[in-house]
Amino acid sequence: MKKVLSIIVLVVLSLLTISCNKETLKAPTNLRYSNNELSWDAVDGANRYEYTILQGETETLKATTGALKVTLSLEVGTYSATIIAKGEDKLDSLKSEPIIIVIEAVVIPKLGTPTGLKRVNNIISWDLVEGATGYSVGIDNSSKVTVTTTNYTLPELELGNHTVKVVAKGTLGATIDSEEATLAITVTITLDTVDSITYSSDTDILTFSRVTGNDGYLVTVTKDEVLVLERETITESLSLNELGKGTYTVSIIAFGDNLFVLDSLPKTEIIEIVSRGVLENHSSLEISNGYLTWVNVAYTTTNVLVKELVSGTTVDVTPKFYNSNHLFLTDLGLEDGDYSIYVNFLSNRHDTLSSDPVRIDITIKEVVYYSAAEIANFSGTAPLGEHATASLIDKAGVPYAEIAPTADGWGRVGSPLFEVNFQKKPIVLLSIGDVIGGYHMQVNYDSNYYSVLGDTLRQGGLNVSLVTGSTSSVFVGVGEISLRLGVNSSVLENDARVQYEYIGVYYVNEYEEENIITDLENVTNIDVKLNGAIGWDVTANATGYRVIITQLGTNENILNSIIESPQVIVNLYDPATYLIEVTAVNATYSVESQVPTTYKFVISEIIRFDEIDTSADWTSENIFASYDSSTTYSTINSTGISNYGWVFSPLFNVNMDRNPFIIINVISASGGYFMKNIVNGSDAVMINDTPASFTTPRIISLRANVNVDRQGANTQDFSGIQSLKVGPGVMNMTPPSSLVIDYIKVIYIQKYEEVGGSVNLNPVSNFGINRSTLQFGVPSNAQDFEPKYDITIKNALDSTEVYSFTNQVATSVSLQDLLLTGNKTYDVSVIARGDNDTYFDSETATVSFTFKSIYSISDFTETILNVDRMGDLENFSQSIIDAKIKLTLTAGWGIPSFDLNLGEPNLLSSSSLIIVRIGEVEGGASIAGRLFKEATGDSSDGLMGDQSITTNQNLVLFENIGIAQHGTYVYLGLGFGGGSSLRSYIVNAIEFNEYKLVS
């Protein structure tokens, strides 16, 4: 152990001896620091240096380098640095003297924020920023743009408020970008000034040029620096009819939205409104339907004065006008009597301020007057009314009678019976309050019902003539009537309402001084009337008519009597030829016309049914009929069930052009009855609808060639030879309705001269267009012969044949089925073919018609229906198949709408019709149609009720109320009637067309 220890000691001593012999390097000197660089002088023998950086007592950096300088990256603070020299075979030097390094924070200056921002026109400018190398400009949130100038041209900006942001840009490492300077600007536009102002004295309309982008115009008119008119308008025209003659200054400003679109500068023009000359007096002062009417003079107001005729005392009245030249005579509050009415004009446009009064003498006589309390007691049950009720209500202290339905959403109440003289043209005055759903009025006359006021929504006051065009051949002489006031169905069942303040029936006629009658004019215009009677014109001053009817051949005297009415019902007569002689008489003065007027007519029987029995040849719809041989009477609804139904006769042919009438000898009726026919295989056609009960036998005469609505108004006339089934029926009443009938027969009533034959058939005539059906009459000499027809249709321009039909039975052509093109005129020629035995072919009859295609759509690819209209539309869906649209409803009912852009307003007229071309139908679809109002979307009119459709059917829809008032857009609703099953149909095309005869 001692030996080992000795060896170690010897080694250490040896090493120490070697070390002591090595040279120690000198410590580095001249340490210096500049620009982040530490450097020192070289040390002889050194080949590298170790440098140490201390911050306080903490060593932050220690490294070795072979260079005489190093670059330092020191944070802000105070440091000491020392260097040790190192070399080969030399000892490290001592540390150099330390050098103190102070690193101070470097402050880079920030540029000043731009000042003096301003906008002149479309240039933004600012003051120069010292040291800026450029400027960054931004607008709102858009990308920024750098410019080197102190201005910037704004790009085109949208109208509105904007913010411009400017920043001065610095030099990297030397200066910092400035803060953001902002400038709020508003971009506006001033509307163009109206370019021109024109005044037309012919139309009295001020017109001016259009200014785009405006919200309207302010028109001010001054006269002698006094404002006389100030009016805002959205159109470039204004009527000046309220201004008098003189010189005016017109100023027009187009105004904007007062935010970003500024009003234009005013445009001023001097105009002259010249005098209209001498003021004319009223002309054509006359009485019409209870109104006093006249021809207005332009730019005038009307003054009315009423005096008692005999005494000349002025009557204090407040004139009420239906429109500017229709004065309500019946609503002046005048008692029965004779009056003088003076009417004159007042004007500020003429040389004279007032025209001379024009006088008319009138007589007013009240027939009946019903107050609200009396109307509230009107009957709501048959025969006067139908499932409706009336009640007395109070509105702001004014009593009204309110009528409401009790079933079916519609109903009627009826007044008691009262007598009127139709010769005096009675007028009904209606004072109407609120209306929900609409209303109408019928007259109950001789147990039949006639519409004298169609469905309407009008409120206020209204005069209705009882003797209208549709009733002039029915209401003649003296008769007993009652008024049936109806209320129409509205959106919800039975919520329809109509309120009446009062109703009056009056005779309003020109005053006639009573003179002793010395003679009477002869009777004129004897003819067959629409109700099956032989009638004639009313003879002035006649109190009655002596009527003698003789059956020719037998010379049997059928009638010899004096009657009050200017007509005689002939439906009791047997088939034969008759001669009627009529003489006007006045029983008061024992005066009669000099020469009887004669007329020869023929009654021919087509068919007669004495045994109506559904177990035999008659078919039933919901009810049954049976014949009783013991009484020889038939009973309709013989099983006595409360149901709505009818029975149909066997088929027979009728020439609709020969005045056919259905004559029913009714023994008794309970509840209500009607007559529905089937014409040419079509659905049931209504020709009568009467709630009535009676036990006294009576003859009912009904036209066989018409279709009527529920109010009894004629909606369709049939022509030509048609197949017919007559269908008497009963209403759904409790207790059950029934009808006991002796017989039903169908007859022709014709003037004698119209009956007879010839070798050649006469040419067809009486061409007409009913909606889209071209019709013509049977040759006048065909009698019961049924000719067939050859029909040719050619393009009128080049005579190119478009369609031809041979041996056609029908006297009509469905134009909507022809797929005509363009807006063209077509020539139609018709030849009636004879049998070459009794009759030969007729000469060719021709007529021309125009076809106008207003609008058509057959590609529904881009079509979207408005499904927010009516019904259970959550069950509705649509799809496009080969550019056609398929409508589907899984359950319920619904009417979405096509919003159709016609391109131009006011293209539709009262004769326009809509054609819907149907493709495949699945599930027995029941279609319904409406037109909708543009603004509200409410249903405007029912084009059709629920109607079953078949595949490839062309539907013709005709809206005869208001279609001409539609503008650019037509909102056509097509949908489904009620049901619980899946139904669908394809619409191939929708067309708005017009077919018109060329006169």
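The questions below concern salt bridges and backbone angles in a predicted model. Local features need pLDDT of at least 70 and side-chain atom pairs count only at pLDDT 80 or more, while totals for chains, interfaces and linings use all residues. Residues are numbered from 1 along each chain as its sequence is written, and side-chain values use heavy atoms, with hydrogens and water left out.

Q: How many salt bridges does a search of the whole structure find?
A: A salt bridge is defined here as a side-chain nitrogen of Lys or Arg within 4 Å of a carboxyl oxygen of Asp or Glu. Searched over the whole structure, the number of such salt bridges is 26.

Q: How far apart in sequence are the parts that the pair Asp351 and Lys245 ties together?
A: The side chains of Lys245 and Asp351 form a salt bridge, with 3.5 Å from N to O. Strands are DSSP runs of E with at least two residues, numbered from the N terminus. Asp351 sits in the loop between strand 31 (337-347) and strand 32 (358-371), whereas Lys245 sits in the loop between strand 22 (237-239) and strand 23 (246-255), so the separation of the parts they tie together is 106 residues.

Q: Is Asp331, which meets Lys320 in a salt bridge, buried or exposed?
A: The N to O distance in the salt bridge of Lys320 and Asp331 is 3.2 Å. Buried means under 20% relative accessible area, exposed means over 50%, and partly exposed lies in between (1.4 Å probe, protein chains only). Lys320, with a relative accessible area of 38%, is partly exposed, whereas Asp331, with a relative accessible area of 16%, is buried.

Q: Which strand holds Arg497, the salt-bridge partner of Glu402?
A: The closest N and O atoms of Glu402 and Arg497 are 3.6 Å apart. Glu402 belongs to strand 34 (residues 398-405), and the pair ties together parts that are 95 residues apart in sequence, because Arg497 lies in strand 42 (residues 497-510). Glu402 is buried at 18% relative accessibility, and Arg497 is partly exposed at 25%.
In short, the strand that holds Arg497 is strand 42.

Q: What is the phi of Asn952, approximately?
A: Most residues other than glycine have a negative phi. Asn952 is placed in the loop between strand 78 (939-948) and strand 79 (954-957), and counts as exposed at 63% relative accessibility. Although Asn952 is not a glycine, its phi is positive, at about 65°.

Terms used. Helices (H or I, at least four residues) and strands (E, at least two) are DSSP runs, numbered from the N terminus.
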